[in-house]
Each structure stands twice: as structure tokens, then as C-alpha cells.
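Good morning, and thank you for joining.

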Amino acid sequence: SPRRVVPRAHLDAQGHRRGSPEVVRGFPSAFLFGAAEMEHPPEVHAELARLQAVAEAREAAAAAAEPEGRPYFEEVSTRARAAHAAACALVADPPAGGPPPPLPVPRVHCSELPLARFRREFCSRSAPVVITGLGPHLTEDGEKGAELAWLRKHGGTKKVAVSLDNAHVSSTLACKDTDVLNLGEHLDRVLKLDHPNLEPTDRNFGARDGDGTYLYDCAMPLKLPSVLGSVRIPRYFAHDFLQRTRYAHAFTASWPSLFVAAPHTKSSLHVDQWSGNFWMAMVKGTKRWTLFHKDDVAFCAPDYSRGTLDPAFPRLHEMDEARAREKTKTREGESDVSGEGHPHASPFFGAFPFLPYARRWDVDLGPGEVLFVPGGFPHVVHNLDVTVSFAGNYVDESNLDLALRDMALLGAKYGDAMRASHAAIDEVWFDENDEVWVEERLTPAQLVVRYEDYRGGAAGFWGAEDWQGVESAEGKALTAA
């Protein structure tokens with residue numbers, strides 16, 4: 001139960017977060033390309049023109065929207081306009097040192113990462129991190145979790161919807177792209193694909209049964225409740241505010257969700273809804289993750305044309321391949337604008353010219369590791385082999401205001417059900433002084449909890465000595481019986 005329940009106003013009269021900066025409209029082209037004294041390649045002009053056209057189209061759509069839903073569409077247009085303004089500002093004043101280098105994702109062993117330190121140093125600072133050392137505690141099978149006996153036992157006969165032909169690499173998905181079958185059958189199809197794990201360039205790749213299939217983000221509380229008792233939630237996320245409301249809402253039973261992927265399947269580059277923080281626990285296999293900073297969305301070729309708060313993006317592997325080809329051309333002297341020695345050399349060149357200026361993290365997430373992705377970060381995944389993982393979105397002090405802002409806007413578009421979800425979360429006063437900040441180092445066994453203790457938020461209020469691990473709790477229960 002929440003400690004206190006009082007009304008809380010997080011938004012101004014226009015439905016925007018208080019204190020948000022005013023969005024500056026695009027700079028005139030004379031300023032960009034005259035005063036800057038640079039000759040930019042056609043791709044720069046084309047991308048700025050595209051962003052401008054999308055912003056204008058979204059502004060027209062907002063003006064034509066029905067009054068009830070207009071705040072939502074006005075926010076979409078604001079974000080589209082902000083993307084154009086950010087790209088213009090980059091072109092007008094590019095960093096003197098050039099694009100930022102790729103950033104490393106730190107790996108920290110759980111025994112060295114107290115819960116309070118995680119919230120202060122990573123979550124509140126929007127810094128991604130890989131937490132190691134929890135592997136033997138993520139499922140009821142302990143060290144043998146990667147053998148998946150727990151998943152077959154509790155979920156093998158349950159029906160799931162699996163995407164086909166690597167369909168999740170696109171920003172949209174249709175019913176024709178999915179197949180419904182037993183989870184055990186899906187496991188049988190994909191597990192054999194590791195023997196051998198064919199590269200996508202192999203002529204036989206894609207011809208085998210199961211190639212390109214992906215069980216993606218399957219909500220276990222709703223669709224696989226029998227599996228919940230066999231997984232353990234990393235305690236770093238057990239303080240989730242979404243679990244601590246008086247009333248059920250649209251996200252009460254959304255997580256953890258299950259992922260079971262064939263080798264070399266990919267997700268689309270995307271941003272999770274309402275700036276939700278994200279975590280993923282790897283049980284089997286390796287996922288290659290790429291993350292971009294939330295403030296650099298404008299440099300990733302965002303497209304707000306579909307009219308949603310979070311934009312679509314081109315496929316990242318295609319953007320990277322195009323950039324690699326352009327680098328080769330530039331080294332060989334084929335570029336007539338960019339390159340060393342040009343009197344007014346542009347720092348931008350080739351397709352997706354702003355992508356190198358987005359702060360980027362690349363990391364391989366292996367078995368037994370847990371990844372934290374800050375809210376608002378565009379991200380994409382490449383499954384290097386057969387992977388099994390479970391994951392969740394969550395809200396805490398680091399993203400509460402942003403989440404409530406977007407949920408309020410979703411309510412304006414989708415109606416009463418989403419308004420009720422926003423109200424269920426907004427009514428609770430989450431006070432930092434009410435939080436339990438565990439400063440002590442805990443054992444790995446103490447750093448995972450049962451779903452039944454995660455649901456409803458009970459585990460979020462445990463201190464250092466309130467939980468000794470699942471095995472200890474089960475032993476006490478047997479003794480009491």
C-alpha cells in the first residue's frame with residue numbers, strides 16, 4: 001500500500017512538464033550555410049528538409065485534430081519541430097572535436113553494487129550499466145537455468161505468438177508476420193539453429209525451419225502466468241512505482257516479459273513508451289545491444305510521420321552499412337565536399353550525416369548478465385545466437401514526471417482507460433524520504449526476489465536484513481509447515 005495518497009500536479013495547463021525548455025524553431029538556411037562558411041553535401045540539405053517537412057505536417061495534423069485529442073498531437077508536432085531545431089543547431093555549430101567516440105557500458109558485479117548506489121549513480125544519471133553475478137539466481141534451476149528445463153516445465157504447452165522472417169526489425173508488425181504455436185515447439189525449432197549457427201551471409205541461412213523467428217516481449221503475467229514462479233526479478237528494479245498503486249492500471253501486469261529468439265534476429269531501433277526505464281536479464285545466449293542518448297534522438301534520422309510520441313527510425317544495421325560505404329569513398333577521395341584539404345570542408349558526409357554525432361553505446365549482453373537501459377534511450381538488439389531472456393519497463397524517481405506527462409497525453413488520445421491508468425499512478429505521492437535506500441553490499445542471493453514479492457511493491461521496501469534469498473524463504477516456509 002502507498003504510504004500517502006494525495007493529488008499531484010506534474011503538468012502545466014498545456015500538458016507539458018513544468019520547467020521544460022521552449023522549443024526553438026529551425027534556423028534560416030542562410031544562417032546555416034552562409035554564415036557558417038561551409039559547403040555541406042546534399043545529404044545534409046536533404047535531411048534538414050525532411051525533418052522540416054515532417055514537422056510542418058505534424059503541425060498541420062495537430063491543428064486539424066479534435067479538441068479532446070489535440071494535446072497529444074500538439075506534443076508530437078513539438079517533438080518533430082525540436083528534432084529539426086536540434087539538427088539545425090548541430091549544422092550551425094558542429095563540435096570542434098568532431099563526433100564523440102563510442103562509449104563503453106560499464107560492467108559491475110552485483111556484490112559491489114548496493115541498491116542505493118545503482119539508483120544514484122546509474123538510474124538517476126541516465127547511465128547504462130551491465131550488472132554481473134546474478135546468473136545462478138535468475139531462475140529456479142540455478143546454475144542450470146540456461147538448459148531451460150524450468151521454461152519447458154512451466155510454459156512448454158502454452159500458446160504464444162511468434163514473429164516470422166525477422167519481422168521485428170521493422171517499426172511496424174502485422175498479423176501476417178506472426179505464427180501461434182506452443183512455446184515448447186518454438187524452443188524445439190530455434191535451439192537446433194545453434195548447431196551450426198549460420199551467418200546471415202551463408203546461402204543456407206533463412207531456409208531452415210525456425211530461422212528468423214522471435215518470441216518478442218511476451219507479457220508473462222498475462223500470457224504465461226505459470227512461468228512466473230520460476231523466474232527471479234533483480235532486486236535493483238523491485239522499487240518500481242508502477243507496482244505500488246492502489247488501483248490496477250494498464251501496466252500493472254505487463255512485466256516481466258519473455259523473449260526467445262532465433263540467431264541473427266533483430267529488433268527495430270525504437271524508444272520505449274513514456275520514457276520507461278528498461279532492464280533485461282539474460283538466461284541463455286548473447287544479445288548485441290546498441291543504445292543512443294535520449295538527447296540525441298534528432299541525429300538518428302527520426303520520423304514522426306506516423307503521429308506517435310516516439311518516432312520511427314530507419315534500420316540501424318542499414319544505416320551503419322551505408323555509413324561504412326561512405327567512409328570508404330571518403331578515404332579514397334571520391335567525396336567532393338567532405339575530406340581533408342577542402343577549404344570549407346563539411347564535418348558531415350554521406351547518408352545519415354548526423355548519426356555519428358549521437359552518443360552511442362555498443363555492448364554484448366551474455367548469459368547471466370543484466371542490462372539497465374535508461375528511459376528515452378533509442379535502442380536496438382541483434383541476437384548473436386539463440387537467446388532466452390526476460391525483461392521489464394519501470395518507473396521511479398528518475399523518470400516519474402516524464403512518464404506521467406506522456407501517460408496524460410496518451411489519455412487525451414486513447415480515452416478513459418489510459419486516463420484511469422495515469423490517474424492511478426498520479427494520485428500516489430512518491431516521496432524520496434519514504435524510500436528504503438539500501439547502502440549495504442548484499443549477496444547475489446539477496447539481490448533477486450520472487451515475482452509474488454515484486455508484484456505490489458513489497459520488495460521495494462525491504463531493508464538489508466529483510467531478505468536472505470529465495471532458497472532461505474522457501475526453507476522457512478517448509479519449516480513452518
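Predicted model: local features only at pLDDT ≥ 70, side-chain atom pairs only at ≥ 80, totals over all residues.

**A helix pair and its surroundings**

Helices α2 and α3 run roughly antiparallel to each other, because the angle between them, about 160°, lies over the 145 degrees that this description requires.

Which residues of α2 and α3 meet? From α2, the contact includes Val 44, Leu 48, Leu 51, Val 54 and Ala 55. From α3, the partners include Phe 73, Val 76, Ala 80, Ala 83, His 84 and Val 91. By class, this contact has 14 nonpolar residues, together with three polar and six charged ones. Among the residues taking part are Glu 56, Arg 58 and Glu 59 of α2, and Arg 70, Glu 74 and Arg 81 of α3.

Let me turn to the chain as a whole. The protein chain contains twelve helices and 14 strands. Of its 481 residues, 53% are buried. When contacts between residues at least 6 apart in sequence are considered, 80% of them join residues at least 24 apart.

Two further helices illustrate burial. In α6, residues 183-191, the buried residues are Leu 183, Gly 184, His 186, Leu 187, Arg 189 and Val 190. Their cover includes helix α5 and the strands β3, β4, β5 and β7. In α10, residues 416-426, the buried set consists of Met 418, Ser 421, His 422, Ala 424, Ile 425 and Asp 426. Here α9, residues 400-414, is included in what covers them.

Next, the cysteines. How many disulfides does a search of the whole structure find? The search finds zero. As for individual cysteines, Cys 218 has a relative accessible area of 6% and is therefore buried. Cys 300 is likewise counted as buried, because its relative accessibility is 0%.

Finally, the glycine. Where is Gly 366 found? Gly 366 sits in the loop between β10, residues 360-365, and β11, residues 370-373. Is this residue buried or exposed? Gly 366 is buried, with a relative accessible area of 9%. Apart from neighbours within four places in sequence, Gly 366 is in contact with Met 282, Gly 285 and Thr 286. Thr 132 lies 234 residues away from Gly 366 along the chain, yet the C-alpha atoms of these two residues are separated by 9.4 Å.

Methods
Residues numbered from 1 in each chain as written. Heavy atoms only, no water. Axes fitted to C-alpha atoms, helices over the stretch in contact; angles between N-to-C directions. Helix = DSSP H or I, 4+ residues; strand = E, 2+ residues; numbered from the N terminus. Parallel < 35°, antiparallel > 145°, perpendicular 65-115°, else oblique. Contact = heavy atoms within 4.5 Å. Nonpolar A, V, L, I, M, F, W, Y, C, P; charged D, E, K, R; others polar. Disulfide = S-S within 2.5 Å. Buried < 20%, exposed > 50% of the residue type's maximum accessible area, 1.4 Å probe, protein only.
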